[in-house]
Amino acid sequence: NGVNNYITKLLADIQGIREQADGVSKVLGKVRSNYAKFQLGANIKTWFSQLSGYPAAFPYLSLKSMIKAFTKSLYWKSQNAQNLYKYCEWARVKAHDGGVVLVETLSEKVGVVGDIATKPIQLMDNFLNRILWNAAQFEIERTKGFKFGTKENMELAGELHTLIGRKTQGNAATSELSAMQRHR
């Protein structure tokens with residue numbers, strides 16, 4: 001009987017079928033989840049680890065573009081964010097509704113506790129995206145000749161930003177995991 005239960009449970013796991021939890025398991029799961037989100041969000045190292053994508057972009061961007069971008073990113077305007085999200089869908093998805101936190105926690109929603117605790121992670125990731133967006137625009141201006149901020153520049157910068165993000169950023173997106181990996 002034990003073997004049959006094990007095989008039934010294993011097959012359900014492989015197919016991504018979730019087992020119904022009882023009341024105590026649900027409560028314990030919620031407490032454990034909120035604690036994990038708080039630990040993730042309250043960890044200063046986690047906040048700043050988002051910036052590890054900056055030096056990782058050097059194979060794709062010149063040092064000059066990176067320095068200019070960092071300086072420009074300190075004086076960010078909302079129009080820049082609108083352009084970033086218009087021309088770079090990858091960045092828009094990460095920033096939308098705390099996307100980076102959802103990916104890092106492998107959650108569908110973080111809830112009130114998670115939203116408060118992990119806000120700094122999302123802010124640091126948004127800052128990194130601003131730097132990379134500006135650096136991509138400076139790099140396109142340098143290599144292709146399209147002036148920073150023009151439509152042509154931003155279209156190519158969006159492609160470059162997406163390439164850099166996909167190549168240098170950790171990816172634990174639920175949509176890119178198998179059903180077995182998604183079932184926890």
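Modeller: Buried means under 20% relative accessible area, exposed over 50%, and partly exposed in between, with a 1.4 Å probe and protein chains only. By that scale Arg142 is partly exposed, with a relative accessible area of 49%. This is a predicted model, where local features need pLDDT of at least 70 and side-chain atom pairs count only at pLDDT 80 or more, while totals for chains, interfaces and linings use all residues. Residues are numbered from 1 along each chain as its sequence is written, and side-chain values use heavy atoms, leaving out hydrogens and water.

Biologist: How many helices and strands does the chain have?

Modeller: There are 11 helices and zero strands. Helices (H or I, at least four residues) and strands (E, at least two) are DSSP runs, numbered from the N terminus.

Biologist: What share of the chain is buried?

Modeller: Buried residues account for 35% of the 184 residues.

Biologist: Back to Arg142. Which side chain does Arg142 meet in a salt bridge?

Modeller: That of Glu139, at 2.6 Å from N to O. A salt bridge here is a side-chain nitrogen of Lys or Arg within 4 Å of a carboxyl oxygen of Asp or Glu. Both residues lie in helix 9, three residues apart, about one turn of the helix.

Biologist: Is Glu139 buried or exposed?

Modeller: Glu139 counts as buried because its relative accessible area is 7%.

Biologist: How many salt bridges does the structure hold?

Modeller: Three. Glu89 pairs with Arg92, with the closest N and O atoms 3.8 Å apart, and both sit in helix 7. Glu89 is exposed at 53% relative accessible area, whereas Arg92 is partly exposed at 35%. Glu155 and Lys151 meet at 3.0 Å, N to O; they are four residues apart in helix 10.

Biologist: Now the core. Which residues touch the most other members of the largest nonpolar core?

Modeller: Ala57, Leu61, Met66, Leu132, Trp133, Leu160 and Ile164, out of 23 residues in that core. Helix 9 (111-144) is among the helices that supply at least two residues each, and helix 9 gives the most, with nine. A nonpolar core is a set of buried Ala, Val, Leu, Ile, Met, Phe, Trp, Tyr and Cys residues joined through side-chain atoms within 4.5 Å.

Biologist: What does Leu160 touch?

Modeller: Leaving aside residues up to four places away in sequence, Leu160 touches Leu61, Ala136, Glu139 and Ile140. Contact means heavy atoms within 4.5 Å.

Biologist: Aromatics next. How many aromatic pairs are there?

Modeller: Four. Tyr54 and Phe70 form a tilted one, 6.1 Å centre to centre with 50 degrees between the planes. Rings of Phe, Tyr and Trp (its six-membered ring) pair if their centres lie within 6.5 Å; planes under 30 degrees apart count as stacked, over 60 as edge-to-face and the rest as tilted.

Biologist: Why does the Tyr54 and Phe70 pair tie together parts apart in sequence?

Modeller: Because Tyr54 lies in helix 4 (residues 53-56) and Phe70 in helix 5, the pair joins parts 16 residues apart in sequence. Tyr54 is buried at 17% relative accessible area, while Phe70 is partly exposed at 36%.
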